[in-house]
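Dear colleague,

I am passing on the structure below, followed by my notes on what was found in it. Please read them with the model open beside you.

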Amino acid sequence: MDLPVAWSLLLLLAGLWNILIWPQFWRRVAKDDRARTPDGGTTTFFRVHAVIIGVSFAFALAVTVLGILTVA
């Protein structure tokens with residue numbers, strides 16, 4: 001794929017930004033009182049956010065890889 005370097009760098013930066021941000025959000029979700037039931041089980045709040053974060057992180061990895069592959 002042939003992209004201008006500026007677009008490749010934008011993809012790379014966007015991917016890296018998301019790779020840095022989503023784990024921080026995950027830590028906050030995991031510590032949230034709404035994430036666990038009184039007996040220690042996970043709640044819908046936890047599971048929904050786990051899916052959102054997982055999908056977003058997967059997209060971040062894909063965008064980062066695409067940025068790396070197209071900048072060369």
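The count comes to one salt bridge, taken as a side-chain nitrogen of Lys or Arg within 4 Å of a carboxyl oxygen of Asp or Glu. R34 forms this bridge with D32, and the closest N and O atoms are 2.8 Å apart. R34 counts as exposed because its relative accessibility is 51%, whereas D32, at 22%, is partly exposed (buried is under 20% relative accessible area, exposed over 50%, partly exposed in between, with a 1.4 Å probe and protein chains only).

This is a predicted model, in which local features need pLDDT of at least 70 and side-chain atom pairs count only at pLDDT 80 or more, while totals for chains, interfaces and linings use all residues. Residues are numbered from 1 along each chain as its sequence is written, and side-chain values use heavy atoms, with hydrogens and water left out.

Helix α2 covers residues 44–71 (helices are DSSP runs of H or I, at least four residues, numbered from the N terminus). Its 28 residues should span 40 Å at 1.5 Å a residue, which agrees with end C-alpha atoms 40 Å apart; the expected span is 1.5 Å times one less than the number of residues.

The buried residues of α2 include F45, F46, H49 and I53, and α1 is among what covers the buried residues of α2. H49 has a relative accessible area of 18% and is therefore buried; leaving aside residues up to four places away in sequence, H49 touches F25 and V29 (contact means heavy atoms within 4.5 Å).

Best regards

How values were computed. Helices (H or I, at least four residues) and strands (E, at least two) are DSSP runs, numbered from the N terminus.
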